[in-house]
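Here is a walk through one protein chain, written for someone meeting it for the first time. Have a look at the structure, then read on.

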Amino acid sequence: MAWNLKHLTGGTIILRNKDFIILYRGKDFLPHGVKQSVIKQEARVDAQQVQEEEARLTVIDSLQMFTDLPSEETSAGTFREYLDFQLNHVQETTENNLGMVELEAEKHRLEKELKDQERRLSILMKKIERSNEALAKLHSSWNPSEQSADKELLTEEERMVFRKIGLKMDEHVLLGRRGIFDGVIEEIHQHWKHKEIVKVITKQNQAYQITYTSMLLEVETGGMLIATQKLTNSHAIILYRGKNYRRPTKSSPSNLLSKREALRRSVEVQRRGSMKYYVWERQKSIEDLQWRLVS
């Protein structure tokens, strides 16, 4: 039944089981009325071409009778010449035109994509400029202290003892994404109120970042840096308050950023780093597109 339906309707079998049969009419399907009109038009054109060919042959025969022209048949101006021309030239020309059209379309697409990448790159550069301005504004309110020239001296034995005590301590000051701000210094002084050693935990991994953080803590707190120790997933900075330590009247320094400003700085630095990475990607894409356009 499915086979008969397929040949009677001219459709395509999509699904066949014991319950139903699904047929697809196809992309070239035409309604019956339209199909009959197309068939009639094609038949009329073919009949007209045959009549024109018969009329041409009749005229040629009559001319040969009166002017003694050679009886060789020529295809000039005939429908046969048109078909030969279509077969020999039009197909080749069409293929060449299609190739040129595809090439121009690909070139237009690459040019459009290049303009889009350049526009996105300019937007990113403007965002980075605004981010730099915001960071500069935050850093303008941050005035690090100067290191005191009069520092206490510790022997190696004392440093080893303080280092062991600091590493065994359970209490610590944790440096988060905000980094060093006024609240961190205040918390360190709260620890020094009861103990001489404070352990600061930082999640930073780069050596230069850890060195800068430890030196900044030493300057801002007025203490002494004992050691920096690598832990399992972090680093510990051990600070000693000193023998002549005096608790400052204002434990929260005014020359550092506040907690809110430190968070804004951290977010802005992370945002700027991400944008710089995307700028690098955009520049790489632009260079690749320019190379493809040239080649």
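How much accessible surface does the chain have, and what share of it belongs to carbon and sulfur atoms? The accessible surface comes to about 22100 Å², and 54% of that belongs to carbon and sulfur atoms. Areas like this come from the Shrake-Rupley method with a 1.4 Å probe, and for residues only the protein chains shown count as cover.

A quick word on ground rules. This is a predicted model, where local features need pLDDT of at least 70 and side-chain atom pairs count only at pLDDT 80 or more, while totals for chains, interfaces and linings use all residues. Residues are numbered from 1 along each chain as its sequence is written, and side-chain values use heavy atoms, with hydrogens and water left out.

**The overall layout**

Helices (H or I, at least four residues) and strands (E, at least two) are DSSP runs, numbered from the N terminus.

Of the chain's 295 residues, 24% count as buried. Buried means under 20% relative accessible area, exposed means over 50%, and partly exposed is in between (1.4 Å probe, protein chains only). As for contacts (heavy atoms within 4.5 Å), take those between residues at least 6 apart in sequence: 74% of them join residues at least 24 apart.

**Two hairpins**

Two strands pair if DSSP finds at least two bridges between them. Strand β1 (residues 12–16) and strand β2 (residues 21–24) run antiparallel and are joined by four bridges. A hairpin of four residues takes you from β1 to β2, and Thr12 stands opposite Tyr24 in β2.

Further along, strand β5 (residues 224–230) runs antiparallel to β6, with six bridges between them. Here too a hairpin of four residues makes the link from β5 to β6. Met224 has Tyr240 in β6 as its bridge partner.

**The nonpolar core**

A nonpolar core is a set of buried Ala, Val, Leu, Ile, Met, Phe, Trp, Tyr and Cys residues joined through side-chain atoms within 4.5 Å. The largest one here has 18 residues, and Ile180, Val184, Ile188, Val200, Leu217 and Leu239 have the most contacts inside it. The elements giving two or more residues to this core are β3 (173–175), α5 (182–192), β4 (197–202), α6 and β6. Helix α5 provides the largest share, four residues.

Which residues does Val200 touch, leaving aside neighbours within four places in sequence? Val200 is in contact with Val173, Leu175, Ile188, Leu217, His235, Ala236, Ile237 and Leu239.

Ser214 sits in helix α6 (residues 207–221). Ser214 is buried, at a relative accessible area of 3%. Not counting residues up to four places away in sequence, Ser214 touches Leu225, Thr228 and Ile237.

**Salt bridges**

A salt bridge is a side-chain nitrogen of Lys or Arg within 4 Å of a carboxyl oxygen of Asp or Glu. Searching the whole structure turns up eight of them.

| Pair | N to O distance |
|---|---|
| Glu106 and Arg292 | 3.6 Å |
| Glu113 and Arg109 | 3.3 Å |
| Lys243 and Glu158 | 3.8 Å |

Take the salt bridge between Glu106 and Arg292. Glu106 is in helix α3 (residues 79–140) and Arg292 in helix α7 (residues 259–294), so this pair ties together parts that are 186 residues apart in sequence. Glu106 is partly exposed at 32% relative accessible area, and Arg292 is partly exposed at 34%.

Glu113 and Arg109 are four residues apart in helix α3, so about one helical turn separates them. Glu113 is partly exposed at 29% relative accessibility, and Arg109 is partly exposed at 38%.

Lys243 pairs with Glu158. This pair links distant parts of the chain, 85 residues apart: Lys243 is in the loop between β6 (235–240) and α7, and Glu158 is in helix α4 (residues 156–168). Lys243 is exposed at 54% relative accessible area, whereas Glu158 is partly exposed at 27%. Through salt bridges that share partners, Glu106, Arg109, Glu113 and Arg292 are joined into one network.

**An annotated stretch**

UniProt, in an unreviewed entry, places the feature "coiled-coil region" at residues 100–134. UniProt positions are given in the numbering used here, feature names are shortened, and annotations may be inferred rather than shown by experiment. In the model, residues 100–134 are 100% helix and 0% strand, with the end C-alpha atoms 51 Å apart.
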